[in-house]
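Hi everyone, thanks for making time. Let me put the structure up, and then we can walk through a few spots together.

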Amino acid sequence: MPREFRKRGRGNRAKPEKTQDDASNLPLEPLIYRNVLELAVPEESFQTKQNQITAPDKPPAPETEPQFPEPSPDLKAYWRDIDDKIQELERLGAGSTHCTDLLQEVGEEDEEDERNLLLRSALEELSGHELSLAADPETSVILERLIYSMDDFAKRVLADRFMVHFLDLISHRHASHVVQTLLALSAPVLAREAHGKPEQSNSNEADHDHGDLPAMYLLLAQACEDVMPNIQSLSEHPTAAHVLLTLFLLVSGKPVSAEHARSRKSAKWRSKQGHLRSVFHRDQADEKDISDGVSPVPAPLHKMGTKLYNTIKSTWCQAPGVGTRNAACNPATNALLQVLVGLEFDKGEAEKPGSMVDNLLDGLITSQGPQTRSEFVETCLRDTTASHVMECVISRLSPSYFSQFYSTYFLHRMGMLSNHPVTNFLTAKVVSRLDSDQFLPALQECVPKMIDCIDNYRTGVLQALVSRSKNLGLTEQREVIQSLLRAFGVTEDTEKPYIFPCLISLMRLDYFRKTTAFQQIEKSLKSSETDTNDMKLPDSNMQGSLLLQGILQLAVPDLMTSIVNSLMLLPLSVTMSFSRDTIASRALDSILNSPTISPAPRRQFISRFIGHYHRLADDRVGSRIADLCWAVADVFTKEKIASSLVDQQNALQQSAYGHYFVRKLELPYFERQRNGWKAAMLQKFPSRKVVALPTKEEQTKITTKILEEPKGNEIEKDTGRPIEVNEPLQKSKKPKKKKMEEPAANEIDVLDGLFDPIIKKRKKNKKKSDEMDQ
């Protein structure tokens, strides 16, 4: 047996009989501590140390959840039936625009239709059982689904019933999600109350019996009053924290997005419950105002939001940074702290001494000068929870404070931090804010660690370098591309064909040489035979494809042409494999869409598929590449593509994807009248010249050249050559008017091309009839 599989004590040894004095019958804790102490301290000092050592503290017992009465079995069975009917209406498309229009055409827009009856009966059964249904793990999801179909009055009634036990509900595991859904869906109600619009109702009744029911903004103001005294405990509670976040966003006039509503784990569980939406058609006017980034709320509620913001800020900042630091490292409070930091920047209070941002940066703003590295900030940069808050701070700092933060924590450490499993995200954010003076030194720091970033699939910093260089200049772009190619191992001209395979698979050339695909490519490059069958390549990597797409958007003409030409050196089977892959095909899209690639290599790329477009069009992913090639190609290339597909027309018509491509090409018309087809394509796809705008450096050179031009010289308009002062000025000859030229063959109108044979035949028949009459 090999050594690594041998285990001690596996033999069939006779086990000693257990006795009453056996040590296993003794309590377990004292025995463990005694053995540890015997190994840790000398025997003579054991008696003196024994009294100083105590057992570790037990973890605190979890707080008991508030108890609510359980719903009866009959009530739960009724709500299951309600849930089935609502889901059936959602599957039928109830609530969508086309369904509402269909009902209006048929004439089924009655007051007591099925949906109103269903909702009314459900609300009648809900009355008096709101707390028990919200706290039950099964009926709470059904109640959330029903809230989406409630009108403004029903939401206010439910919110009024919840306000009596608001603190207990938001601290409950299941009821907290019901309250959060009700708060998130109250944003349109607050918008209508702020604008003075009438409330939305599902039925055509005259008025509900409002009684003494308060408005929604008054109910939420009361909720804020209840929350403020317990803000510290609620913000750290695992279930109440997300409700507090939604309430704060609502009263502050911020839209409640999906990322703020639920955690990743909760959102994954919610996705299994199906899509939740209203079964009634809603007017999207108020939702449009909310989606624009502003959620209008009444003025009294907005003042209450400011009061809540000041309460949270004073609670967390009353100690010297302890509350803010604890909130940054707490997963429950972290999301709320991110929103508060953003609001602090919006108010202009972030870059003041004593602010939350100042506490997070450990006095960087207070010091007003060079600062040593803080252990807390270093821990936050590497912590999976606190790094999200630090990313918000880095993205919003002013240029002066950002430069100070960068020189303190990232300068001369970019390479090490770019390969860290957590800090690489913050490093990418830092790279996106570097100026032209800081970019090239930071790039040189990252170059030694690029190989490790590629091997560990951490390409966030690499993508940030590419995207940031796009906004700086040609020198930065060239340095980034050359550094990346050297990191992938592509340095010589003979290795250029492997740029696309290495980048798309995110594999350095040293590792790509060990694959079977490399041997097949080498064999096909050496042989003259062309294999058109798809080649099996390593799995495409999403990060590598995004990195290649970013490179193809850079404006370095010679390098872009070289990279595209490297794809032309590969066998056609490799390019066909790329075009049929869901990830690699996106990189081919960049070749066709990028404005920085010259027309010549793009035309060469499109022409390479001629004779194989029927294979592209017959594939789910390849058909999209074929459509894009057809849209980008000029009319001359389009004619070649159409000519190559005439024989494949019947096969493509029977294909699930190819018949769309045949319809775009108009192949039947191409066979009947080629000149008319060309004229139609010229009108449908007018030729566009791609003119690259001059960069900043080129504009500077042009301006300098104009300023250095001798003042005594003038420029002749027609020839464009400089004229000396002593040279007599010649009168510029006016260009002669050209005669009207006949339209070219490819510019004949479509109708003329169709009726031209008929007109000629009629003229010929008329001429014969005139001769017979004579």
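**Two helices side by side**

Let's begin where Ser 545, Leu 548 and Gln 549 of helix 35 meet Arg 586, Ala 587 and Ser 590 of helix 38, a contact being heavy atoms within 4.5 Å. By class, this contact has 2 nonpolar, 3 polar and 1 charged residues. Before going on: this is a predicted model, where local features need pLDDT of at least 70, side-chain atom pairs count only at pLDDT 80 or more, and totals for chains, interfaces and linings use all residues. Residues are numbered from 1 along each chain as its sequence is written, and side-chain values use heavy atoms, with hydrogens and water left out.

How do the axes of helix 35 and helix 38 cross? They come within 9 Å and cross at roughly 5°. That makes helix 35 roughly parallel to helix 38, the label for angles under 35 degrees.

Now to helix 3, residues 73–91. Buried here (under 20% relative accessible area, 1.4 Å probe, protein chains only) are Leu 75, Lys 76, Trp 79, Ile 82, Asp 83, Ile 86, Leu 89 and Glu 90. They cover an arc of only 135° around the axis, which puts them on the same side of helix 3. Their cover includes helix 5, helix 6 and helix 7. On the face turned away sit Pro 73, Asp 74 and Arg 91, which are exposed, meaning over 50%.

Last stop: Glu 495, in the loop between helix 31 and helix 32. Glu 495 is buried, at a relative accessible area of 11%. Among the residues that Glu 495 touches are Val 490 and Arg 513.

Conventions. Helices (H or I, at least four residues) and strands (E, at least two) are DSSP runs, numbered from the N terminus. The expected span of a helix is 1.5 Å times one less than its number of residues. The arc is that of the directions from the helix axis to the C-beta atoms. Axes are lines fitted to C-alpha atoms, for helices over the stretch in contact, and angles run from 0 to 180 degrees between N-to-C directions. Angles under 35 degrees count as roughly parallel, over 145 as roughly antiparallel, 65 to 115 as roughly perpendicular and the rest as oblique. Ala, Val, Leu, Ile, Met, Phe, Trp, Tyr, Cys and Pro count as nonpolar, Asp, Glu, Lys and Arg as charged, and the others, Gly among them, as polar. Lists of a residue's contacts leave out its neighbours within four places in sequence.
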